[in-house]
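Work through the exercises below with the sequence and the model at hand. Each task is followed by its solution.

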Amino acid sequence: QVETLKAKLLEQAQEISRLRSELGGTDAEKHRDLLAAENERLRQEMKACEGELRELQRQQQAPCRDCPHLQENAVLQEQLSQLQREAEEARAKLVELDLEVQQKTNRLAEVELRLKDSLAERAEEEERLSRRLRDSQETIASLKSQPQQIKYIIKTVEVESAKAKQALCETQSRNQYLQEQVGMQKQVLKEMEQQLQSSQKTEAQLRAQIMMYEAELERAHGQMLEEMQAMEEEKNHAIEEAFSRAQVEMKAVHENLAGVRTNLLTLQPALRTLTHDYNSLKRQVRDFPLLLQETLRSARAEISQAIEEVHSTNRELLRKYRRELQLRKKCHNELVRLKGNIRVFGRVRPITKEDGEGPEAANAVTFDADDDAVLYLLHKGKQVSFELDKVFPPQASQEEVFQEVQALVTSCIDGYNVCIFAYGQTGAGKTYTMEGTAANPGINQRALQLLFSEVRGKAADWDYAITVSAAEIYNEALRDLLGKEPQEKLEIKLCPDGSGQLYVPGLTEFRVQSVEDINKVFEFGHVKRVTECTNLNEHSSRSHALLIVTVRGLDRSTGLRTTGKLNLVDLAGSERVGRSGAEGSRLREAQHINKSLSALGDVIYALRSRQGHVPFRNSKLTYLLQDSLSGDSKTLMMVQVSPAEKNTSETLCSLKFAERVRSVELGPVSRKAELGSWPSQEHLEVIKTLLGDSPGSAAPAGRGHASPSPGQLSSRSASIRRKLQTSG
C-alpha cells in the first residue's frame with residue numbers, strides 16, 4: 001500500500017509541476033510552495049512508513065489479505081487514473097488544435113508565396129510587353145520617316161539621266177519590300193496589343209483572386225484566434241478542475257495515510273501472533289518430509305504385509321480349491337463307476353489348412369479357464385455350453401489324452417471289460433486319437449504298451465496271455481482284418497457257455513508278447529482297412545474299426561483266473577453327402593455309416609430312457625457293442641469335434657449326442673474272475689501250455705510240486721482267503 005501511495009504522490013507532484021508551469025502567477029506560486037512543503041512532510045512520513053513496513057516484512061512474509069484500506073486505496077487509485085485520463089484527453093485536444101492552427105498557417109504561407117510568384121510573373125510580362133511596345137513604336141516611327149525620303153529620291157531621280165533608272169527600279173523594289181515589312185510589323189503590333197489586353201484581363205483576375213485569398217486568410221486567422229482563445233479558456237478551466245481534484249485527492253491521501261498509520265499500530269500485536277504461528281508452521285513444514293517418509297514407510301510396510309497376506313490367502317484358497325476339485329472329480333469318477341455311467345471325454349482338433357481361410361475357418365469353440373470339463377460353441381451367433389467328464393483343447397498331446405484313460409486300460413488286467421470308442425464327424429480326428437502315427441502313437445498302441453508294462457510288473461505272481469483281434473464293419477458286413485481272407489463275412493453269436501456274452505466265430509487272434517508284435521499287427525490291420533478320399537477328408541475311414549484285446553491271467557499262488565477284454569473302436573465319421581461329394585460306392589458307404597450311427601443313437605436313447613427293449617440288433621455295430629453298452633463293461637466315449645465355423649452344425653450334433661451318452665447309466669460292472677481247484681503239477685503244466693509255455697520247461701525256482709504238508713496247507717489256505725478278500 002505504501003509503495004502504491006508513493007507512486008501516486010510522485011504522479012501528482014509531476015501533474016502539479018506541469019500545471020504550475022502552465023498557469024503561473026503569484027497565487028499559484030504560493031500555493032505551490034505550500035504543496036511542496038506538504039509533499040516534503042508526506043515524503044518524510046512515507047519514509048517512516050516504509051521503514052515500518054520493511055520491519056513488518058522482515059517479521060512476516062505473507063501479505064495482509066484482509067486489510068480494510070485496500071478497497072479505499074483502490075477507489076483512490078481509480079479516481080486518480082480517471083483524472084489522469086481527463087488531463088491526457090485535454091492535452092490531446094490542445095495538440096489537435098495546435099496542429100490545426102499550424103496547418104492553416106502553412107496554407108496561408110503557401111497562398112502568399114503563390115501570390116508573390118503571380119505578381120512577379122505579371123511584372124515580368126508587363127516589362128516584356130512594354131519593351132516590345134517601345135520597339136514597335138520605334139520601328140513605326142522609323143518607317144514613317146522613310147517614305148518621304150523615298151518620294152524625294154523618286155522626284156529627284158525623275159530629272160536625272162537614264163542611267164539612274166536601274167537604280168530607281170532597285171529602289172522601288174526595296175521600297176516594296178519595306179512596305180511589306182511595315183505591314184508585317186503592323187500585324188505584329190496588333191497581336192501584341194491583343195496580348196496586352198489579355199494580360200490586363202489576367203492581371204485583373206489575379207488581383208480579384210488575391211483579394212479573395214486575403215479575405216479568406218483574414219477570416220481563417222480570426223477563426224484561429226477565436227479557437228485558440230477558446231482552447232486557452234478550456235485549458236485554464238481543466239487546469240483549475242485538475243488542481244481542485246488534486247487538492248481533494250491529496251486531502252484524501254493524507255486521511256488514508258493517517259488511517260494506515262493507525263491500522264499499522266493496531267496490526268502489530270496481530271502481526272506478532274501471526275509471526276509466532278508462522279514460525280511454528282515453518283517448523284512443522286521443515287519436519288513434514290521426515291514425518292511423510294516415516295508415514296510412507298509404515299504404509300508401505302502395512303500394504304506389503306497386507307498384499308503378502310492376500311497372496312498367501314489366495315494361494316491357500318487356490319490350493320484348497322484344487323484339492324476340492326480333485327476330490328470332487330475323484331468322487332464323481334467313483335459315482336460314475338458305481339452307477340456304471342458311460343464316461344465321455346471331448347477332444348477338439350486344431351484348425352488345419354484343409355479348413356480353408358476366411359470367416360468359415362474361424363474358431364467357434366472356446367474353453368472354460370477354471371473348469372476343464374466345460375466347453376462353449378458359438379452357433380448362429382449364440383453361445384452354447386456343454387459339460388462332459390473331460391475336455392482336451394487343441395494343444396493337448398496324445399500323452400495327456402492317454403493319461404486320462406490309462407486307469408480304464410489297467411482295469412482290463414483285473415478282469416473287467418473295457419470299451420473305448422471314438423465318435424464324431426468325418427475329419428474330426430478320431431483315427432488320429434485311436435491309432436495316431438508312428439512317431440506319435442494313439443490310444444491303441446499306448447494301451448498295449450501299458451498292458452505289457454503292467455504284466456511285467458506282476459510277473460512274479462501272475463501269468464498273463466494277451467491276444468489281439470482286429471475287425472471292421474464295412475457296409476454292414478463284419479470282416480476280419482487279420483485273417484487270410486478279409487473279404488469273408490463273419491457273424492456275431494452268443495457264447496455256448498450260457499454266459500450271455502457275444503463272440504465272433506472264425507475271428508483271427510494273434511498273441512502278442514512285445515511291442516514289435518503290436519506294430520506288426522497294427523500295420524497288417526491298417527493296410528486292409530478301407531479308407532478313401534472325400535471332399536471333407538483326404539483319408540476318410542469308410543468302416544468302423546474294432547481292436548479287441550483279451551487279457552487272461554492266472555495267479556499262481558491262489559489259482560485265481562481273470563479274463564478281461566479291451567475293445568478299442570474307431571467309428572467311421574458321420575457325413576453329409578452334399579458336402580462330402582460322395583458318389584457311387586462312396587455314397588453307399590456313407591449311407592451305411594450314417595445308418596449304423598443312427599442305430600447307435602437309438603440304442604443310447606433307449607438306454608437313457610430305460611426302455612425294456614434296447615434295439616442292439618438293428619445294426620452290426622450296436623450288436624457288436626452290446627457287451628460294452630449293456631452294463632457289463634467300463635465304457636468311455638471319446639467325442640471328436642472340429643472347431644471350424646463351417647462345421648458348427650455337425651459339432652453341435654456330436655456334443656448333444658455326447659451329453660445324452662453321458663447320462664446313460666449301465667449299472668455296476670462285474671469282474672470276470674473264477675477260483676479253480678488247487679493246482680497240481682498236471683494242472684500247472686496245462687495252464688502253462690495254454691499260456692504258451694512248453695510243457696517241458698522248468699518250473700520257477702523255489703516252487704516245488706510235491707504234496708504239501710498239513711501245516712503248509714492250512715497256512716496257504718489262509719493266505720488264499722486274504723488275497724481273495726483283497727482282490728475281489
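**Exercise 1.** Find the salt-bridge partner of Asp 372 and state where the two residues lie.

Solution. Take a salt bridge as a side-chain nitrogen of Lys or Arg within 4 Å of a carboxyl oxygen of Asp or Glu. Asp 372 pairs with Lys 390, with 2.6 Å between the closest N and O atoms. The pair connects distant parts of the chain, 18 residues apart: Asp 372 is in the loop between β2 and β3, and Lys 390 is in strand β5 (residues 390-392). Helices (H or I, at least four residues) and strands (E, at least two) are DSSP runs, numbered from the N terminus.

The model is predicted; local features need pLDDT of at least 70, side-chain atom pairs count only at pLDDT 80 or more, and totals for chains, interfaces and linings use all residues. Residues are numbered from 1 along each chain as its sequence is written, and side-chain values use heavy atoms, with hydrogens and water left out.

**Exercise 2.** Is Lys 390 buried or exposed?

Solution. Buried means under 20% relative accessible area, exposed over 50%, partly exposed in between (1.4 Å probe, protein chains only). Lys 390 has 12%, so Lys 390 is buried. Asp 372, at 33%, is partly exposed.

**Exercise 3.** Locate the salt bridge between Arg 319 and Glu 316.

Solution. The N to O distance is 2.3 Å. Both residues belong to helix α4 (residues 164-339), 3 residues apart, about one turn of the helix. Arg 319 is partly exposed at 42%, and Glu 316 is partly exposed at 31%.
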